[in-house]
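Hi,

Here's the structure I said I'd pass on. Have a look, and my notes on it follow below.

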Amino acid sequence: MIRVLVSVVGAAKPRAPHSTTARYLHSSYDVAVVGAGIVGLATARELILRHPSLRFVLLEKEQGLSLHQSGHNSGVIHSGIYYTPGSLKARLCVRGATLAYDYCDRKGLPYKRCGKLIVAVTGRRCPGCGRCSERGLQNNVRDLSILDAKGIREREPYCRGVMALDSPYTGIVDWRRVALSYGADFEEAGGTVVTNYEVNDIAMANESAAGSSEGLKYPIAIRAKKGEEVRCRYVLTYLGCSPEPRIVPFRGDYLVLKPDKHYLVKGNIYPVPDPRFPFLGVHFTPRMDGSIWLGPNAVLAFKREGYKLFDFNLRDFGDALSFRGLQRLCYRGVFIGAQVKLLQRYIPEISLSDVLRGPAGVRAQALDREGNLVDDFVFDGGVGGRGRPRAATSATPPPPPPPPPSPSGR
Ligand SMILES: Cc1cc2nc3c(=O)[nH]c(=O)nc-3n(C[C@H](O)[C@H](O)[C@H](O)COP(=O)(O)OP(=O)(O)OC[C@H]3O[C@@H](n4cnc5c(N)ncnc54)[C@H](O)[C@@H]3O)c2cc1C
């Protein structure tokens, strides 16, 4: 989720040559983007390409780019089947898939359009398959068709099912590679990337930066934990916005299929989503490196950026638990044996000895006060003194357009 804080708009400043790390602290920028995951990188890239005369900075707390969600995910290029028709997610996911394939083609980034089956294993779930198909058609997802048991076996010889929705347009890619490529484009266009900069506070300044003759032209002060400050006119960030929806961390643990069993899975195999549960259910995901991930399950994470089984941060955990919405959400951990049982419903040949514990990812899930998953992108103009100037400047030149979503469409 990206939220946008907007400050008073002044005239555009021609961009200076690429800043060095030493200089950035005393620099002012037209636009700052906080967080170099795929959303921040895609946004920064798109904005600098649309507004080449503005100065941009991307601030990232880690030493490298895309080390969190964007570097720990299933790597699927989703085609847009599940989302509510008319929602931003539905529209942007369908468009994002096409843009992602085009981008990879242009940059020579590898991907595989290996397709996806959403499989009903009992007659009871067949209506669910039909509903997915209807949704997909309403969302203009390409090339959807319904397969019977024989059609399923032709596509996935080891998969058992009575009916499936076939989405051949779904693919796989290494999203971190895509994100790093966006970063390279951004820098090539003159943007500045600053790592090791953990944003701690964003405030409206009431005096100009030390040694600056530009007055309050850059009124937003973005302060890092270590005391550095960057000034700008616009900032795209999550920090400092409305407290709702609340972001709750869910960790997804994957299993991996042992290499001698890779022949069991050709493309993505997903269950028909069960409306009683908030996540898609364990699925089979082939990866660009040839491995096959199974899962993920979805359990409340003990730590926002904790990828190991026992990573724990009391503040993150307490913060999530104290949120009433979460208390209403039903969640449960799933152990390996239970996960394998779920997988066997689709590929009966898989046994406990065929799988190993795999990697994990932590997903930022937005929840409302009632415990409902917030199922669409949320944009926020900011709160308090930082947000108000947006309304006050509505008659002045418009702010930069809202950021595009990650082409991952999630
Ligand atoms: C288990 C799992 C599986 C998934 N599978 C898929 C999939 O198959 N296909 C798909 O399209 N999507 C998938 N997703 C979703 C997708 O990975 C995310 O939607 C996407 O990566 C979100 O990108 P982001 O940039 O918002 O977040 P992130 O990648 O988490 O980036 C946020 C960045 O902000 C930085 N940051 C945080 N706080 C600060 C601060 N104070 N100052 C400076 N920097 C800061 C972080 O260090 C990080 O680099 C999956 C997610 C998970 C967890």
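A contact here means heavy atoms within 4.5 Å. On that basis, residues 24 or more positions apart account for 78% of the chain's contacts with a separation of 6 or more.

Some ground rules: this is a predicted model, where local features need pLDDT of at least 70 and side-chain atom pairs count only at pLDDT 80 or more, while totals for chains, interfaces and linings use all residues. Residues are numbered from 1 along each chain as its sequence is written, and side-chain values use heavy atoms, with hydrogens and water left out.

Overall, the chain has 11 helices and 19 strands (DSSP runs numbered from the N terminus: H or I of at least four residues, E of at least two). Of its 410 residues, 50% count as buried (under 20% relative accessible area, 1.4 Å probe, protein chains only).

Now the aromatics. Rings of Phe, Tyr and Trp (its six-membered ring) pair if their centres lie within 6.5 Å; planes under 30 degrees apart are stacked, over 60 edge-to-face, the rest tilted. That rule gives five aromatic pairs. In one of them, the ring centres of Tyr-101 and Tyr-169 are 5.1 Å apart with planes at 70 degrees, so this pair is edge-to-face. Tyr-101 is in helix H3 (residues 88–107) and Tyr-169 in the loop between strands E8 (163–167) and E9 (171–173), so the pair ties together parts 68 residues apart in sequence. Tyr-101 is buried at 1% relative accessible area, and Tyr-169 is buried at 6%. Together with Tyr-111, Tyr-101 and Tyr-169 form one aromatic cluster.

Cheers
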